Amino acid sequence: MYKKLPERALSKVKVFGERNTGTNFLNQLLSLNTNLQVLGHGSNASSRAKLQAIDQSVSRLGCAEKLTPQMRRLVLDRLIDEQRRLEYPDNYGWKHARVLVEDLDKSPYKNSTLFVFLIRNPWRFVSALHRRPYNLFPSPSSDLSSFIDSQFLANERDCMPSLLIGNPVDFWNEKVKSYFDCSDVIDNSIICYYEDLVISIEEFIDAIRPVCDISGKIRTPINSTKKEDKTFDDYRREVISYDPISALGEEVYLKIRERIDAEVLARTIYSASIH
């Protein structure tokens, strides 16, 4: 069940959601089916060109050849952090960030923007982050159980309370909490669960109709940005059949469950299905 949005035409939309939660798919869906301007890095050629320019600037450093791959990555990430900071107020920064109401308040476009906060099942999020650990430092271990026990150094653009992250589940805890904090006080915002979206795109589109124009028959994005050989129906079947214990084993399931913030989980649809 989606939050009821006010009957007020908006002109922009910003999707926030952690890595591997369907943000690219949702941005494409909104671009194909609404008149809203979709904000966010990676959604247009100029943004990608900026990131390429940053990478090239690191290569031109006088000491570039002396940097280890790990140090080069840290330098690159700090430069990207600064680029994301400069994207306020136009793009509201990194789409994977923890979101603060006071930061959104700085934008003159706040009242004309639909904010969509995308959440994915925490067990699937952690296992997906282990498989595709982009923007994680240091690189994770190959073993999922060890990964869950690992500490990470967050990027500044993650906007986490601390740069040292005790375990990967805390990315989910802190960011999902921030989505609810924002949604509680911003009426032109909506919580969207990845699972609900994949099962019924139509229900999500119906939920946002009060704030935008929908262009006729709903069109579903075809190409996966993960370069997987899967159809949309494949993703839907995965969502419907997913059971964390069967997928991960009881030990890993419990490890993740023990690290999930109980108060945050209680606000989500996932609290009713824990074992």
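At 40% relative accessibility, Asp187 counts as partly exposed. Asp187 forms a salt bridge with Arg8, and that's one of 18 salt bridges counted in this predicted model.

- Strand S1 (residues 12-17) pairs with S3 in the parallel sense, over six bridges; Lys14 has Phe115 as its bridge partner in S3.
- S3 also pairs with strand S6 (residues 189-193), again in the parallel sense, this time over five bridges; here Val116 has Ile190 of S6 as its bridge partner.

**Helices**

- Helix H1 (residues 23-33) has a set of buried residues: Thr23, Phe25, Leu26, Asn27, Leu29, Leu30 and Asn33.
- Those buried H1 residues pack against strands S1, S2 (37-39) and S3, plus helices H8 (194-199), H9 (201-208) and H10 (232-241).
- Helix H5 (residues 122-131) packs on helix H12 (residues 250-259) at an angle of about 110 degrees, with the axes 10 Å apart, so H5 and H12 are roughly perpendicular to each other.
- At that crossing, Pro122, Trp123 and Val126 of H5 meet Tyr253, Ile256 and Arg257 of H12; the contact residues divide into five nonpolar, no polar and one charged.

**Salt bridges**

- In the Asp187–Arg8 pair, the closest N and O atoms are 3.7 Å apart. Asp187 sits in the loop between helix H7 (169-185) and S6, and Arg8 in the segment before S1, so the pair ties together parts that are 179 residues apart in sequence.
- Arg8 is partly exposed too, at 30% relative accessibility.
- Arg19 and Glu18 form a salt bridge with closest N and O atoms 2.8 Å apart. Arg19 is buried, at 0% relative accessible area, and so is Glu18, at 4%.
- Glu18 and Arg19 also belong to a salt-bridge network with Asp158 and Lys175.
- Asp234 pairs with Arg237, closest N and O atoms 2.6 Å apart; both lie in H10, three residues apart, or about one turn of the helix. Asp234 counts as partly exposed, with 23% relative accessibility.

Methods
Residues numbered from 1 in each chain as written. Predicted model: local features only at pLDDT ≥ 70, side-chain atom pairs only at ≥ 80, totals over all residues. Heavy atoms only, no water. Pairing = 2+ DSSP bridges. Helix = DSSP H or I, 4+ residues; strand = E, 2+ residues; numbered from the N terminus. Buried < 20%, exposed > 50% of the residue type's maximum accessible area, 1.4 Å probe, protein only. Contact = heavy atoms within 4.5 Å. Axes fitted to C-alpha atoms, helices over the stretch in contact; angles between N-to-C directions. Parallel < 35°, antiparallel > 145°, perpendicular 65-115°, else oblique. Nonpolar A, V, L, I, M, F, W, Y, C, P; charged D, E, K, R; others polar. Salt bridge = Lys/Arg side-chain N within 4 Å of Asp/Glu carboxyl O.
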